[in-house]
Amino acid sequence: MRLFNRGQLSQASLTYFLPRLWVGREGNSRVPVETWKAMFEVVEYTEDGIVQPRPRRTVRAYRGATEANRAGLSWSLDLRQAEYFARERQAPKDKTGRVWVTNIPASRVFARVMEGWEKELVADVRGLDVLPIEQEAQLPTPRWWWRQR
């Protein structure tokens, strides 16, 4: 983070390291979310850490979080995974987690991570409609542009 803030990281270095750092981060990262976003805005689009052509279509994605954290960077293509995060991955004793849903245009997706158990998209959803799962029908149906693996 210090090297990024000082402008001492090339785009190539950041593209290589950032997805790996993201996957290995702790739940309560000391890096502010705005810094993560700023770093991801600089790098090339990656899938499992490998630079790939950016997909072109919008995707429906889910997030398990509290209302205050509903616009975070981590999103899932798997509703069950989002339900798990809403139920099990909130602060101790915080029972306000729920599932959120949105349509994410490809231009807003920074990375796709399908390695390991946590399948996720890293995306900037600022300004998008992020609705409780109960209101999912209010979103237009996107076309799927990624195969589920």
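1. Which residues in helix 2 meet which residues in helix 3? In this predicted model, Q11, L14, L18, L21 and W22 of helix 2 meet W36, M39, F40 and V42 of helix 3. By type, the residues of this contact comprise 8 nonpolar and 1 polar, with no charged ones.

2. The geometry of the pair can be stated as follows. Two packed helices are described by the angle between their axes and by the distance between those axes. Here helix 2 covers residues 11-24 and helix 3 covers residues 33-42; their axes come within 9 Å and cross at roughly 135°. Helix 2 and helix 3 are therefore oblique to each other. Their crossing is left-handed.

3. Helix 3 also has other partners. T35, W36, K37, M39 and F40 are buried in helix 3. The buried residues of this helix pack against helix 1 (2-5), helix 2, strand 6 (109-113) and strand 7 (120-123).

4. A residue to look at next is D124, in the loop between strand 7 and strand 8 (131-132). Is D124 buried or exposed? D124 counts as buried because its relative accessibility is 7%, and the cut-off for buried is under 20%.

5. The surroundings of D124 include residues from elsewhere in the sequence. Leaving aside residues up to four places away in sequence, D124 touches K37, E41, L73, R108 and F110. The C-alpha atoms of D124 and A71 are 7.9 Å apart in space, while the two residues are 53 apart in sequence.

6. The side chain of D124 also makes a polar contact, at 2.6 Å, with the side chain of R126.

Key:
Residues are numbered from 1 along each chain as its sequence is written. This is a predicted model: local features need pLDDT of at least 70, side-chain atom pairs count only at pLDDT 80 or more; totals for chains, interfaces and linings use all residues. Side-chain values use heavy atoms; hydrogens and water are left out. Axes are lines fitted to C-alpha atoms, for helices over the stretch in contact, and angles run from 0 to 180 degrees between N-to-C directions. Helices (H or I, at least four residues) and strands (E, at least two) are DSSP runs, numbered from the N terminus. Angles under 35 degrees count as roughly parallel, over 145 as roughly antiparallel, 65 to 115 as roughly perpendicular and the rest as oblique. A crossing is left-handed if the near helix is turned anticlockwise from the far one by less than a right angle, and right-handed if clockwise. Contact means heavy atoms within 4.5 Å. Ala, Val, Leu, Ile, Met, Phe, Trp, Tyr, Cys and Pro count as nonpolar, Asp, Glu, Lys and Arg as charged, and the others, Gly among them, as polar. Buried means under 20% relative accessible area, exposed over 50%, partly exposed in between (1.4 Å probe, protein chains only). A polar contact is a pair of N or O atoms within 3.5 Å; within protein, one must be able to donate a hydrogen and the other to accept it, and residues adjacent in sequence count only if both atoms are side-chain atoms.
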